Amino acid sequence: MMDPYWIDKARSLGVGVTARSEADALEIHRVAFGEPETKAGRIPTFADIEQKHVAPNMGNLLKRGIRFPLGYEHIPI
């Protein structure tokens with residue numbers, strides 16, 4: 001089973017990841033961006049996602065990988 005996670009970033013809105021666990025979300029982020037992060041928060045419901053910019057610009061939440069920002073679907077994970 002996979003869940004959506006959010007990784008806060010200092011210089012951007014953040015990164016949305018669908019992953020098997022928090023550790024998996026952090027590993028996907030590291031592969032995509034080459035930057036280590038220490039915490040990914042699980043997103044309880046779709047309503048908890050920022051609705052004006054993030055939600056309409058997310059990829060498929062059912063597929064493992066980077067969902068926001070778009071453009072990282074090609075990352076091998």
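By a nonpolar core I mean a set of buried Ala, Val, Leu, Ile, Met, Phe, Trp, Tyr and Cys residues joined through side-chain atoms within 4.5 Å. Buried here means under 20% relative accessible area. Keep in mind that this is a predicted model.

With that in place, the largest nonpolar core has twelve residues: Tyr-5, Ile-7, Val-15, Val-17, Ala-19, Ala-25, Leu-26, Ile-28, Ala-32, Ala-40, Ile-66 and Ile-75. At least two residues of this core come from each of strand S1, residues 3–7, strand S2, residues 15–19, and helix H1, residues 22–33. The helix H1 gives the most, with four residues. As a general point, nonpolar side chains in soluble globular proteins tend to be buried together.

Leaving out residues up to four places away in sequence, Ala-40 touches Tyr-5, Trp-6, Ile-7, Glu-22, Ala-25 and Leu-26. There is also a second, separate core of seven residues, which includes Ile-43, Ile-49, Val-54 and Met-58.

Now the sheet. It is open, and its four strands come in the order S3-S1-S2-S4 with antiparallel pairing. Which strands stand at the edges? They are S3 and S4, and each has a single partner strand, so one side of each is left without a neighbour in the sheet.

Next, S1 in more detail. Its pairing with S2 is antiparallel and runs over five bridges. With S3, residues 41–42, the pairing is again antiparallel, over two bridges. Trp-6 stands opposite Gly-16 in S2 and opposite Gly-41 in S3. Tyr-5 has Arg-42 in S3 as its bridge partner.

In a regular strand the side chains alternate between the two faces of the sheet. In S1, Asp-3, Tyr-5 and Ile-7 point one way, while Pro-4 and Trp-6 point the other way.

On to the helix. H1 lies across S1, S2 and S4, and runs at about 125 degrees to S2. Asp-24 lies in this helix. Asp-24 counts as buried because its relative accessible area is 12%, and the cut-off is under 20%. Where does the side chain of Asp-24 reach? It reaches the backbone nitrogen of Arg-20, at 2.9 Å. Beyond four places in sequence, Asp-24 touches Ala-19 and Arg-64.

Last, the aromatic rings. The structure holds two aromatic pairs, and I will show one of them, Phe-33 with Tyr-72. A pair of rings is described by the distance of the centres and the angle of the planes. For Phe-33 and Tyr-72 the centres are 4.6 Å apart and the planes are at 50 degrees, which is a tilted pair. The two residues are 39 residues apart and link distant parts of the chain: Phe-33 is in helix H1, and Tyr-72 is in the segment after strand S4, residues 65–68. Phe-33 has a relative accessible area of 24% and is therefore partly exposed. Tyr-72, at 25%, also counts as partly exposed.

To recap, the main points were the twelve-residue core, the antiparallel sheet in the order S3-S1-S2-S4, and the helix H1 lying across S1, S2 and S4.

How values were computed. Residues are numbered from 1 along each chain as its sequence is written. This is a predicted model: local features need pLDDT of at least 70, side-chain atom pairs count only at pLDDT 80 or more; totals for chains, interfaces and linings use all residues. Side-chain values use heavy atoms; hydrogens and water are left out. Buried means under 20% relative accessible area, exposed over 50%, partly exposed in between (1.4 Å probe, protein chains only). Contact means heavy atoms within 4.5 Å. Two strands pair if DSSP finds at least two bridges between them. A polar contact is a pair of N or O atoms within 3.5 Å; within protein, one must be able to donate a hydrogen and the other to accept it, and residues adjacent in sequence count only if both atoms are side-chain atoms. Rings of Phe, Tyr and Trp (its six-membered ring) pair if their centres lie within 6.5 Å; planes under 30 degrees apart count as stacked, over 60 as edge-to-face and the rest as tilted. Axes are lines fitted to C-alpha atoms, for helices over the stretch in contact, and angles run from 0 to 180 degrees between N-to-C directions.
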